[in-house]
Amino acid sequence: MPTNFSLQIPAGEDRMRQVCDTCGFINYVNPKIVAGVVVDDGQGRVLLCRRAIEPRYGFWTVPAGFMEERETTAQGAAREVWEEARAKVTINALLGIYEVPRISQVHFMYRGTLSDDGFGAGPESLEVAWFAYEDIPWDQLAFPTGVWALKDWAKVQNQAAFVPFSNPPGSEHLTHPRTPASD
Ligand SMILES: [Zn+2]
């Protein structure tokens, strides 16, 4: 927080905000949206990236990242596939919306296929590779939402249309704010 800001509860509000001591500007901090794609080859394999950046350097991930301004979630998801996997993707369904209130994030995960055969490691990836579902390195996946997206992808692999998934039951310990009892 900049030094000329202090934490106050603005009039008419119910929680602490960063307020400028000089002009009263309120710095509203809101959740971030992550967008990604489970890219499959139509033959049961999915495209995963091994992270070249923190957090979770060296772990595998579904290509995904923070949405930019002035783009849709689907555009952001496709852009992330290009940035991390140097692949052009055609999105065909919204796979799931997963929420991680612990870190104030909402993850939109799509399903897509490559528009052409090219792919490769972008600057944020050590390597990019196809994995058959049974070969996915589950214990080396970077984030829970990627695990859920891949498992949900497998359930609807042969379905053109389906209801998008959400956080699986019993996963609250991974997503909800820590309390003394949950630590
Ligand atoms: Zn100010």
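**Close-ups of a predicted model**

**View 1. Val 39 and its contact partners.** Setting aside neighbours within four places in sequence, Val 39 touches Val 46, Leu 47, Val 81, Ala 87, Val 89, Gly 112, Thr 113 and Leu 114 (a contact means C-beta atoms, placed from the backbone, within 7 Å). This is a predicted model, so local features need pLDDT of at least 70, side-chain atom pairs count only at pLDDT 80 or more, and totals for chains, interfaces and linings use all residues. Residues are numbered from 1 along each chain as its sequence is written.

**View 2. The largest nonpolar core.** Here are 33 residues, with Val 37, Val 38, Val 39, Leu 47, Val 81, Met 109 and Ala 149 having the most contacts inside the core. Such a core is a set of buried Ala, Val, Leu, Ile, Met, Phe, Trp, Tyr and Cys residues joined through C-beta atoms within 7 Å; buried means 20 or more other C-beta atoms within 10 Å of a residue's own, exposed 12 or fewer, and partly exposed in between, with C-beta atoms placed from the backbone. Two or more residues each come from strands E4 (32-40), E5 (45-51), E8 (89-100) and E9 (105-114) and from helices H1 and H2 (144-155). Helices (H or I, at least four residues) and strands (E, at least two) are DSSP runs numbered from the N terminus.

**View 3. Arg 79 on helix H1.** Arg 79 sits in H1 (residues 73-85). Arg 79 counts as partly exposed because 17 other C-beta atoms lie within 10 Å.

Notes
Contact = placed C-beta atoms within 7 Å.
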